[in-house]
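These are my notebook entries on a structure that is new to me. I record below what I looked up, one topic at a time.

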Amino acid sequence: MTTLDGPLDGIRVLDLSALAPGPYCSMLLADMGAEVILIEQAGRPRGRRDLARDPNEERRRFSSYALGRGKRSIGLNLKSDEAREVFYRLAEEADVVLEGFRPGVVKRLGVDWETLSARNPRLVYCSLSGFGQTGPYATHVGHDINYIATGGALGMIGDYAADGRPAIPVNIIADFAGGGLMAAFAIVCALQARERTGAGQYIDLGMSDGVLSLITSALAGYEGAGADMSPAAHVLNGGEPHYQVYETSDGRWFSVGSMEPYFYTNLCRALELEQYIEDQGTTDPARREEIRQAFAAAFKVRTADEWHELLNEVDVCAKPVLTLEEALRDEHNISRQMVVEVPTPEGGVMRQAGVAPKLLATPGRIRGGAPTRGQDTEALLAALGIDTEAVADLREREIVA
């Protein structure tokens, strides 16, 4: 029986991306055993902006430590013919190329799908962009908030007590779910297809497309039943008292998701509000608000931990809303190995999210911390037959780093 160091053992990925969606995609692949080589820019440090001018650069630096875990790094100045030739040689032996530039950039650099697939017909090439490679918005700039606006998700998120303004989530929906996670899924699908056909293929993944895919169920409710999906209008975005968050006596927040009649009945009994058992799903706005206020008053009499213990004893869908620090200390998250310590390039450690899919026979694992820029340049060039003296010359001329 063949022993694999993860389900993607033996797959080599060249990652040209820099911002969160692409590195998250290749992090997922690396956790599952792929050899991921970061193609970083020679001639300047990691990160696009001077820290003194960009207060977000420190955050980006630590994010790169997490997203870069288990990867290798080579610095290449792809505007140079010599560096491009090195990249071509790497691509000839690679399985996957991932890029996250605006449409047209890789063509200008000479590292586009047409160029590389001519050299390596088995190559899987994924272009991950905000709005995809085609369509009226293809060349438009954007970030997560713009992609979830276009994909329909932002217009469904908000607070019933607010003025109708959408609530802005952290960049999870487009960057990480609709972008990085969807790209990893697409790449694995293309690799599986290659096993049958022998040929690689091109993947055009727009994050706004990924967002629309993520709202499949909401869209079905809207199309099929005319469901109102505006903020706090639907049961799943805060429109019902039994799917809501409430403040507890210790000033924390508590989530309730008792959608099914059985769980809703248990909730009403636990709150000592049995008079509302028959009112689940009422369409009367006044009655719905009465129930919401009654629930809110009931939750104020105990702490979040007290409610957690009580409601789980009586079979209610309910959990405290954890801060990030609380989530990192939560006994369940720790027991599931979803909070792990990973080394940093400075020699310290930082807590990171563990590997989520728990494969029994070929489990994923974190294969070390993030590399420093160009950490593996010499080793990778040596594997191509480029000797130490030649590497030193390339470094001196800032063709590699």
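**Entry 1: a salt bridge at R12.** I began with R12, which counts as buried because its relative accessibility is 15%; buried means under 20% relative accessible area, exposed over 50%, and partly exposed in between, with a 1.4 Å probe and protein chains only. I noted that R12 forms a salt bridge with E35, with 2.9 Å between the closest N and O atoms. A salt bridge here is a side-chain nitrogen of Lys or Arg within 4 Å of a carboxyl oxygen of Asp or Glu. R12 belongs to strand β1 (residues 12-15) and E35 to strand β2 (residues 35-41), so the pair ties together parts 23 residues apart in sequence. Helices (H or I, at least four residues) and strands (E, at least two) are DSSP runs, numbered from the N terminus. E35 is partly exposed, at 25% relative accessibility.

**Entry 2: the source.** The model is predicted: local features need pLDDT of at least 70, side-chain atom pairs count only at pLDDT 80 or more, and totals for chains, interfaces and linings use all residues. Residues are numbered from 1 along each chain as its sequence is written, and side-chain values use heavy atoms, leaving out hydrogens and water.

**Entry 3: further salt bridges.** I found a count of 22 salt bridges. In one of them, E82 pairs with R397, the closest N and O atoms being 2.8 Å apart. This pair links distant parts of the chain, since E82 lies in helix α3 (residues 81-92) and R397 in the segment after α16, 315 residues apart. I also looked up K107 and D112, whose side chains meet in a salt bridge at 3.6 Å, N to O. Salt bridges with shared partners join R12, E35, R72 and D376 into one network. K107 is exposed, with a relative accessible area of 52%, whereas D112 is buried, at 4%.

**Entry 4: S73.** S73 lies in strand β3 (residues 72-76). Is S73 buried or exposed? S73 counts as buried, because its relative accessibility is 0%. Its side chain reaches the backbone nitrogen of G374 at 2.8 Å. Leaving aside neighbours within four places in sequence, S73 is in contact (heavy atoms within 4.5 Å) with residues including L38, E40, G374 and L380.

**Entry 5: paired strands.** I noted that β7 (residues 243-247) and β8 (residues 253-257) run antiparallel and are joined by five bridges; strands pair if DSSP finds at least two bridges between them. E247 stands opposite W253 in β8. Three bridges join β8 to β9 (residues 318-320), also antiparallel.

Conventions
Polar contact = N/O pair within 3.5 Å; in protein donor to acceptor, adjacent residues only side chain to side chain.
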